[in-house]
Amino acid sequence: MKKNLIALLSGSIFSIGLVISGMTNPKKVIGFLDIFGDWDPSLVFVMAGAVVFNFISFRFIFKRKPLCDTQHQLPANSSIDKKLVIGSIIFGIGWGLSGICPGPGIVNIITAKSEIFYFMTSLFLGIFLFSLFDKKSA
Amino acid sequence: MEINFIYPLVGGLIIGAASSLLQFGLGRISGISGILANTPSATLKKDYWRIFFLMGLIFGAAICLSFKPQLFSYTFEAPIISYILSGLLVGFGTRLGSGCTSGHGVCGIARLSKRSITATLLFIGAGIATVTLKGFFL
């Protein structure tokens with residue numbers, strides 16, 4: 001129960017941060033990616049704020065076990081493989097097309113705009129297609 | 001040009017705090033694409049933290065909308081096909097590349113993970129290329 005409440009709280013705070021930062025506004029995101037055009041560097045500060053906060057707090061957090069588990073669950077894979085490279089490029093192309101990544105997509109459900117409905121439905125379809133592809137290639 | 005960096009910076013710090021809270025409490029990385037994709041199978045196994053985190057994202061958005069609706073005053077201007085294509089690529093790409101802006105960008109870079117730093121540079125690069133090319137052809 002405590003675990004679920006912490007997750008609920010973390011998700012709520014995460015969402016408020018995304019909205020305040022401007023990450024949920026696709027125009028801002030596209031402006032950030034438009035470095036050769038009308039560049040809007042403001043989202044650099046979002047990344048900087050979040051990374052610096054975690055960089056400092058992680059030093060303390062990783063020193064002890066988490067509150068509700070016996071150990072921290074971190075990715076075991078440390079190699080830069082083809083999947084990582086191709087997947088990240090595919091994601092980047094998709095991100096550039098709409099200015100929406102998964103977090104802001106979910107947060108924007110609240111706007112009840114049809115564009116978000118189309119984005120989220122295809123996002124789930126993309127996840128599903130990957131699971132088929134992954135089974136086949138495994 | 002006046003750059004408003006206060007909102008992005010404060011929003012970024014809040015995102016960092018939310019992410020640190022999840023790591024501190026559950027020992028989990030706040031990677032939203034991974035959380036989203038694993039929610040159905042985990043929920044069937046009675047592991048509920050992911051669905052609570054996602055509910056938190058919606059709840060936080062609802063709080064923002066009720067207290068400061070002007071934070072959502074932006075519009076979605078791309079043609080519908082862009083959102084459909086984008087969702088598919090973002091869904092498939094983040095699964096293949098094991099993460100998105102939150103998992104690789106916010107958490108991974110703070111852990112100085114080589115995989116995450118590579119992924120982030122690639123998806124930002126691909127995003128820049130997409131926005132730039134779109135500017136040329138449309």
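1. Let's start with a pair you can find by eye: Asp134(A) and Lys83(A) form a salt bridge, with N and O 3.5 Å apart. The term stands for a side-chain nitrogen of Lys or Arg within 4 Å of a carboxyl oxygen of Asp or Glu. Asp134(A) sits in helix 6 (residues 114-137) of chain A and Lys83(A) in helix 4 of chain A, so this pair ties together parts that are 51 residues apart in sequence. Helices here are DSSP runs (H or I, at least four residues), numbered from the N terminus.

2. Before going on, please note that this is a predicted model, where local features need pLDDT of at least 70 and side-chain atom pairs count only at pLDDT 80 or more, while totals for chains, interfaces and linings use all residues. Residues are numbered from 1 along each chain as its sequence is written, chains are lettered from A and ligands numbered from 1 in the order in which they are written, and side-chain values use heavy atoms, leaving out hydrogens and water.

3. (Buried means under 20%, exposed over 50%, and partly exposed in between, with a 1.4 Å probe and protein chains only.)

4. How many salt bridges does the structure hold over all chains? There are 6. One of them joins Asp40(A) to Lys28(A), with the closest N and O atoms 3.4 Å apart. Asp40(A) is in the loop between helix 2 (26-33) and helix 3 (43-61) of chain A, and Lys28(A) is in helix 2, so the pair links parts 12 residues apart in sequence.

5. In chain B, look for Arg50(B) and Asp47(B), a salt bridge whose closest N and O atoms are 3.4 Å apart. Arg50(B) is buried, at 10% relative accessible area, whereas Asp47(B) is partly exposed, at 22%. Lys3(A) is linked with these two residues in a network of salt bridges.

6. Finally, turn to helix 4 (residues 82-98) of chain A and helix 4 (residues 80-96) of chain B, whose axes come within 7 Å and cross at roughly 155°. Axes are lines fitted to C-alpha atoms, for helices over the stretch in contact, and angles run from 0 to 180 degrees between N-to-C directions. The two helices are therefore roughly antiparallel, a label for angles over 145 degrees.

Notes: Angles under 35 degrees count as roughly parallel, over 145 as roughly antiparallel, 65 to 115 as roughly perpendicular and the rest as oblique.
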